[in-house]
Amino acid sequence: MLADFVQTVFAALSIGSMYALVAVGVTLVYSATRIINFAQGEFVMLGGMIMVSLYGEGGWPLWAAVPVTLLLTAALAALLGLVAYRPGRQGALISVLIITIGASMAISGSAFHVWDGDVHRFPAFSGDAPIKFLGAALAPQTLWIFGAAVLCIGALFLFLHHSLWGKAMRACAIDRTAAALMGIPVGPTVLASFVLAGLLGSIAGIVITPLTMVDYSGGMLLAIKGFSAAMLGGMGNVAGAVLGSVVFAVLEAFAATYLSSTVKELITFVVIILVLMFLPNGLLGGRQQRGLAQEDTLE
Amino acid sequence: MCASCSTLCTEPAPMPRRDRNLWFGLCALVLVAPWLLGGGYFINTSNFVAIYALPAIGLCLLVGYCGQLSISHAAFFALGAYASGILSARQGLNPWLALLLAQVLAAVVAVFIGWVVLRLRGHYLAIATLSFTIIIEVLIKELGSLTGGLQGLSGIPRLSLGGWPIASDTALHYLLWTVTLGVLWFALNLAHSRMGRAYRAIKEGDAATALLGVDVSRHKIEVFVLSSLFASLGGSLYAHFVTFVSPAAGSVMFAIDIILVLAFGGFDRLWGAMLGVLALTYLNEYAVTFADYKRVAFGVALVVIMSFFPTGLLAGLVAAGQRLWRKGA
């Protein structure tokens, strides 16, 4: 009994860390641009796939493979930012949404041609020998995943609140016009949010692939789960994104252990619809302005 | 539905002459198509055009006219297809009755889902409807004893007329296109009726429309249900036409395909949607070598079209052409 419980907590830990990395990326881009980036999950897929080629099959050392992987995905994220976000675009919520869906299809389709349709993985960073704990087995990679999530999100938090660039990003999120009037270069700041989101996704892909494996088509579903988590916590709020991810991960892990994997898949999406109905601003979003999405149009 | 019927009847819908002429032109084309296309493969593909036109017309009304982006049309298509298939193949119901009951079921589900999600707007509506599509997709795959799971549901009987199953491509051609032309006529009328005007007002802004005395949430649910019904009707016809349904009918990919049709033809153009369906269905059928690259090509097409023609490719080109023409004259 206890072993089952502890095992489930471990599962929740690794899923939750991955969702958190994706959800924080979604929230960053949303704050800066009011764009929900359907392609966010593709960065996770790419992070995993590029590592498969460099580290798994190419035999590169970790210290060389990781930076190159991050660099490549960051470049792609910047490109996506340039395509999806254009300051002058009027009232184009639907078209931007479709652009990111299209980008997601284009990236995953290209990945199919660059690699193939198979499922891949590469060896875990500290071996596969499980650590026994209260009768449950903890894969050492789980610690890497958790560590990476805590470190990255912690660093991001410090960056947003204690650096000039971070403050500029937050200013842009609050009011882009006012930020521009204060002399903040809005364009580069928006681009930076895409790059940061790409990096977070890529890091998630790098640490999670040894556990969950990766194939070309998994990105879209991951993106949907990521921003569902972000929305659960309250869109545009880093702490909320983390909280939402934890809630989702715990729900999914316990549903998978104690109910069935079908229920696990359903639970996420039923929760999304319920949250949207009753708490449209999310758990941490406050209730003052019902029916969010007042920003139907981009400025 | 009664309230909306009375609105429709008391307000004679002045469908523009151009739309009416185009519609009669399409009727004539459908009538002679079996001779023109010489039966066989071409006609078969044209039957798929008629079927896929139904969800596209529905989505066009919802997105283009009413401004509510829904990613749930594949789910309703699958709902119609599976309900029709299960009722006729597993329960042995008459296919016509199965088709009718499937629409009733889809309508009930659409009213409920519409009531739940239509208070949301923009991204939130898109994600809520997308969640619904994923729920349906998972259910289809997991409820194997009912739906046949990943193998799909086969052995669905064809529709029959006076004891004779409608099986030949030509007979199916007339049946399917009669339905599609009827739905198109209805949609064209609706678009120019009092309700159609209300939908366009809602697209421009909820608050202002409500201020004019239009019951915004009722109209939204109305158009959502209608639009979902068109999709489920398409699904039911698909089931009895192909006699087989697979989970692909309810997949997110198919939902995106329907959106792509509108991105190609124009979001607020019913005729554009028809052309979009025609182009993409034939493209899918005949460019077999292209199938490998479909995901990349469609993805890139979506990005490029939406970047340069946010109202849709054909609609954007027509508008650009008109500007040039006026400048020349």
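Q: Is D19(B) buried or exposed in this predicted model?
A: Let's go by relative accessible area, where anything under 20% counts as buried. D19(B) comes in at 5%, so D19(B) is buried.

Q: Which residue forms a salt bridge with D19(B)?
A: Side chains of opposite charge can pair when their charged atoms come close. Here the closest N and O atoms are 3.9 Å apart, and the cut-off is 4 Å.

Q: Why are E222(B) and R218(B) separated by about one helical turn?
A: These two form a salt bridge, with 3.2 Å between the closest N and O atoms. Both sit in helix α11 of chain B, which covers residues 216-242. They're about one helical turn apart because their spacing in that helix is 4 residues.

Q: What is the relative accessibility of E222(B), and what is the relative accessible area of R218(B)?
A: E222(B) counts as buried, while its salt-bridge partner R218(B) is partly exposed. The value for E222(B) is 13%, and the one for R218(B) is 36%.

Q: How far apart are the closest N and O atoms in the salt bridge of D268(B) with R269(B)?
A: D268(B) is partly exposed at 26% relative accessible area. R269(B) also counts as partly exposed, at 38%. Their closest N and O atoms are 2.8 Å apart.

Q: How many salt bridges does the structure hold over all chains?
A: Over all chains, the count is 5.

Q: What share of the residues of chain B count as buried?
A: The secondary structure here comes to 15 helices and 4 strands. Take the contacts between residues at least 6 apart in sequence: 79% of them join residues at least 24 apart. Of the 329 residues, the buried share is 53%.

Q: Where in chain A is the pLDDT below 50?
A: Chain A averages a pLDDT of 84, and 93% of its residues score at least 70. One stretch falls below 50, though it has 34 contacts in the model beyond near neighbours in sequence. The stretch in question is residues 286-299.

Definitions and conventions
Residues numbered from 1 in each chain as written. Chains lettered and ligands numbered in written order. Predicted model: local features only at pLDDT ≥ 70, side-chain atom pairs only at ≥ 80, totals over all residues. Heavy atoms only, no water. pLDDT = per-residue confidence, 0-100. Contact = heavy atoms within 4.5 Å. Salt bridge = Lys/Arg side-chain N within 4 Å of Asp/Glu carboxyl O. Buried < 20%, exposed > 50% of the residue type's maximum accessible area, 1.4 Å probe, protein only. Helix = DSSP H or I, 4+ residues; strand = E, 2+ residues; numbered from the N terminus.
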